[in-house]
Amino acid sequence: MTQQADLLAYGRQDIDEVDIAAAVRALQSDYLTTGPEIPAFEAEFARFTGAAHAIACSNGTTALHLALDALGVGEGDVCIVPSITFMATANAARYCGAEIVFADVDPATGLLTADTLADALERAGGRAKAVLPVHLAGVPCDMEAIAALARQHGLAIIEDSCHAIASRGASGAMVGACTHSEAATFSFHPVKSLTTGEGGMVTTNSPDLAARMARQRSHGIERDAARFERAEGAGEPWYHEMASLGWNYRLPDINAALGRAQLARMAQFAAKRRALTVAYREHLHALAPLVRLPADPQGSDPCRHLMNVQIDFEAAGRTRAVVMNALKERGIGTQVHYIPVHTQPYYVRRYGCRSLPGAEAHYVQTLSLPLFTRMGTGDVERVCAALAEVLG
Ligand SMILES: *Cc1c(COP(=O)(O)O)cnc(C)c1O
């Protein structure tokens, strides 16, 4: 037990007494699932990101599914997904019946670029309906360049922003403002920068997309009389319509109450994550060029979710497994984000094995070091010293 407590995980939640009190208050209220905490959380999250609408849902995966469904993505369509992401980005498009064309990434950052999107568009052969840029580790993609190309090809854009709460893109806008996209999706899994246990959110500036997603997250049920298809039901107090086939993707009120308390501390969380990033940059500098942390994209202000550094394991003469195990022995947890999704057995069976050299080059050198708000700069020093020792 004490050993566990000493381990610096690669990421973890930050729950305080106020968060706990908020969840307890919701538990003592009349509503456990959809109640007053949901619209309040949505309004506060919309204000935080600068989007017109925010739709809360059960997790980041269902957020992606709701957004793709609302955009009409279906069978016969292709979605372009960068190979360096959590598998849910691609899986959500498969739930809609769409096929995936995996895009390559910049090997240094792991991000989708306009160039790698252009290459994927060629392979999609005119069937591409949507692209899902992923702001990996919280570092924003170049949305201006990606959107310019996507618009030329009539693609819808959904930003998978699960890593990028409180990050600002090159335009200065908060990720989630949807300045260059139809929708942005978020996850509140405990390892993300803000947590509700399980939870998710979609932001959009489109009232139609927002209405469709709000309906789809609860069985496709319409309760707004103004939107009823059948006039005769309108006066009847029990009446509601199932307008489309939806799901139960609701977020409980308990989790939304926790989310509101967390969001109230998000500026503090973001400041801490940025300060830890500055400390990492300072201490990792001594390990260059063996260890590299790419510079932030011009004009952007990332709030990092992950400290995913690039390590030249070959030059160090140590495998990643040896380095990970040696760090673990020193009480330092690390993780790999991510195994390229196009190499997962399910996708290889479906699409064959093709090579995406940028994704593969990124993958072999990536390692996520501890980054969470309860760490101090002393911990950063300790991690970097241990890494120096382990790499020799
Ligand atoms: C966490 C994550 C998801 C899925 O979120 P869940 O809440 O775990 O369903 C999707 N995409 C990315 C990039 C993520 O990191």
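Colleague: What's the strand order in the open sheet of 3 strands, and is the pairing parallel or antiparallel?

Modeller: The order is 10-11-12, and the pairing is antiparallel. Strands here are DSSP runs of E with at least two residues, helices are runs of H or I with at least four, and both are numbered from the N terminus. Two strands pair if DSSP finds at least two bridges between them. This is a predicted model, where local features need pLDDT of at least 70 and side-chain atom pairs pLDDT 80 or more, while totals for chains, interfaces and linings use all residues. Residues are numbered from 1 along each chain as its sequence is written, and side-chain values use heavy atoms, without hydrogens and water.

Colleague: Which strands stand at the edges?

Modeller: Strand 10 (291-292) and strand 12 (366-369). Each has a single partner strand, so one side of each is left without a neighbour in the sheet.

Colleague: How many bridges join strand 10 and strand 11?

Modeller: There are 2 bridges, with strand 11 covering residues 307-311. Valine 291 sits opposite isoleucine 311 of strand 11.

Colleague: And strand 11 with strand 12?

Modeller: That antiparallel pair has 4 bridges. Here asparagine 308 faces serine 368 in strand 12.

Colleague: Why is strand 11 called largely enclosed?

Modeller: Because 5 of its 5 residues are buried, strand 11 is largely enclosed by the rest of the structure. Buried means under 20% relative accessible area, exposed is over 50%, and partly exposed lies in between (1.4 Å probe, protein chains only).

Colleague: Which way do its side chains point?

Modeller: Met307, Val309 and Ile311 go one way, Asn308 and Gln310 the other, and all are buried. In a regular strand the side chains alternate between the two faces of the sheet.

Colleague: Switching topic, how many helices and strands does the chain have?

Modeller: It has 15 helices and 12 strands. Of its 392 residues, 55% count as buried.
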